[in-house]
Amino acid sequence: MDSARYGITNPSEPVLHELPDILCGDSMIPVRVVIRKAEDGVWRGRILFGPGEPADALSTAEVFCAPSEPELWRAVWDLRTHHLQHLFRSLTE
């Protein structure tokens, strides 16, 4: 998998990426992931649910950690819709 950071020179700057929406109940929920390279060299990411500014969205902790950006993306894409739905419900219940 190729890097998703085309044209970005500082990997420690968090980058927001859109993922496919999920259906929860009767609502379609926007899903995004924020990834960054931490000071320790590990790539980290968290999931955001809902529209709008990242500061206003429901968010997980940095649940993704990987030694490289492609490995982090493999972990993100390995999540199935039902995992994202459970994560969303855990933040709203």
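## Core and strand pairing in a predicted model

In this predicted model, the largest nonpolar core has 17 residues, of which Ile22, Ile47 and Phe49 touch the most other members; such a core is a set of buried Ala, Val, Leu, Ile, Met, Phe, Trp, Tyr and Cys residues joined through side-chain atoms within 4.5 Å, where buried means under 20% relative accessible area with a 1.4 Å probe, protein chains only. Among the elements giving two or more residues to this core are strands E1 (15–24), E2 (27–37) and E3 (43–49) and helix H1 (69–78), and E2 supplies the largest share, four residues. Helices (H or I, at least four residues) and strands (E, at least two) are DSSP runs, numbered from the N terminus.

Leaving aside neighbours within four places in sequence, Phe49 is in contact (heavy atoms within 4.5 Å) with residues including Ile22, Val31, Leu84 and Phe88.

In H1, the buried residues are Glu69, Leu72, Trp73 and Val76. They lie on the same side of H1 because they cover an arc of only 100° around the axis, taken from the directions from the helix axis to the C-beta atoms. These buried residues pack against E1, E2, E3 and E5.

| Strands | Bridges | Residues between strands | Glycine with positive phi |
|---|---|---|---|
| E1 and E2 | eight | two | Gly25, near 65° |
| E2 and E3 | seven | five | Gly41, near 90° |

Arg32 of E2 is the bridge partner of Glu18, and Leu48 in E3 is the bridge partner of Arg32.

Residues are numbered from 1 along each chain as its sequence is written, and side-chain values use heavy atoms, with hydrogens and water left out. Local features need pLDDT of at least 70 and side-chain atom pairs count only at pLDDT 80 or more, whereas totals for chains, interfaces and linings use all residues.

Terms used: Buried < 20%, exposed > 50% of the residue type's maximum accessible area, 1.4 Å probe, protein only. Pairing = 2+ DSSP bridges.
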